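We will take one stop at a time.

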Amino acid sequence: MTESPAARYVWAAARLALGWVFAWAFLDKLFGWGYATPADKAWIDGNSPTEGFLANSPKGPFADFYTGIAGAAWADWLFMIGLAGIGAALILGIGMRIAAAAGALLLVMMWTAVLPPENNPFMDDHLIYAILLVGLALVSAGDTLGLGRWWSNTRLAKRLPFLK
């Protein structure tokens, strides 16, 4: 199915769209552009990108874990590096394997923060995005409208295949 040009372009569009979701989350939290993050809560102004949500929203079996790390500098840095790195990798089409693994882990953690989901016994958009990330890596979605093919032929990616 991914041999057809139409399928390759659909997967590429999904990759770019999901990459933008991650990149936008990073940019909005960094600069406080007023979408999910108010201007007075920007990370660049010294605020924590994890504190508001993790201190107030977690529920379910993992609530104590997430409230315990709310606002921790290491959690802020890991979260923001993850958002930026996953977003950049998806948009560029490089490092799809590691981006899929890291993104799926981040999304599953976000899902576990609010168990059970509000509108379904277990399924929500975080799990769907995690599945989509794995699918994008499996079909080499970075090769179409991206730098994936070039990246796969670099000495680094050949030496460390998990970076493809």
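**First stop: helix H6**

Select the buried residues of H6: His 126, Leu 127, Ala 130, Leu 133, Gly 135, Leu 136 and Ala 137. Keep in mind that this is a predicted model. An α-helix has 3.6 residues a turn, so residues three or four places apart point the same way.

Now show what covers these buried residues: the cover includes helix H1 (5–31), helix H4 (73–92) and helix H5 (96–112).

Next, display the whole of H6, residues 125–138. Its 14 residues reach 20 Å from first C-alpha to last, close to the 20 Å expected. At the N-terminal end, pick Asp 124, which caps the helix with a side-chain oxygen 3.0 Å from the backbone nitrogen of His 126. Just past the other end, click on Ser 140, where phi is positive at about 55 degrees.

**Second stop: the largest pocket**

This pocket has a volume of about 1,200 Å³. To centre your view, select Thr 50, Phe 79, Leu 83, Leu 106 and Met 110, the closest to its centre among 46 lining residues. H6 is one of the elements that give two or more residues to this lining, while H4 provides the largest share, 10 residues. Colour the lining by type and you get 33 nonpolar, 8 polar and 5 charged residues.

**Last stop: the second largest pocket**

Here the space is about 200 Å³. Select Ala 137, Ser 140, Asp 143, Ser 152 and Lys 164, the closest to the centre of the 14 lining residues. Helix H7 (148–152) gives the most to this lining, with 4 residues. By type, the lining divides into 4 nonpolar, 6 polar and 4 charged residues.

Terms used: Residues numbered from 1 in each chain as written. Predicted model: local features only at pLDDT ≥ 70, side-chain atom pairs only at ≥ 80, totals over all residues. Heavy atoms only, no water. Expected span 1.5 Å × (residues − 1). Buried < 20%, exposed > 50% of the residue type's maximum accessible area, 1.4 Å probe, protein only. Contact = heavy atoms within 4.5 Å. Polar contact = N/O pair within 3.5 Å; in protein donor to acceptor, adjacent residues only side chain to side chain. 1 Å grid on protein atoms, 1.4 Å probe; cavity = no way out; pocket = protein on both sides within 12 Å on 5 of 7 lines; lining within 4 Å. Points joined across faces, edges and corners; volume = space filled by probe spheres on them. Nonpolar A, V, L, I, M, F, W, Y, C, P; charged D, E, K, R; others polar.
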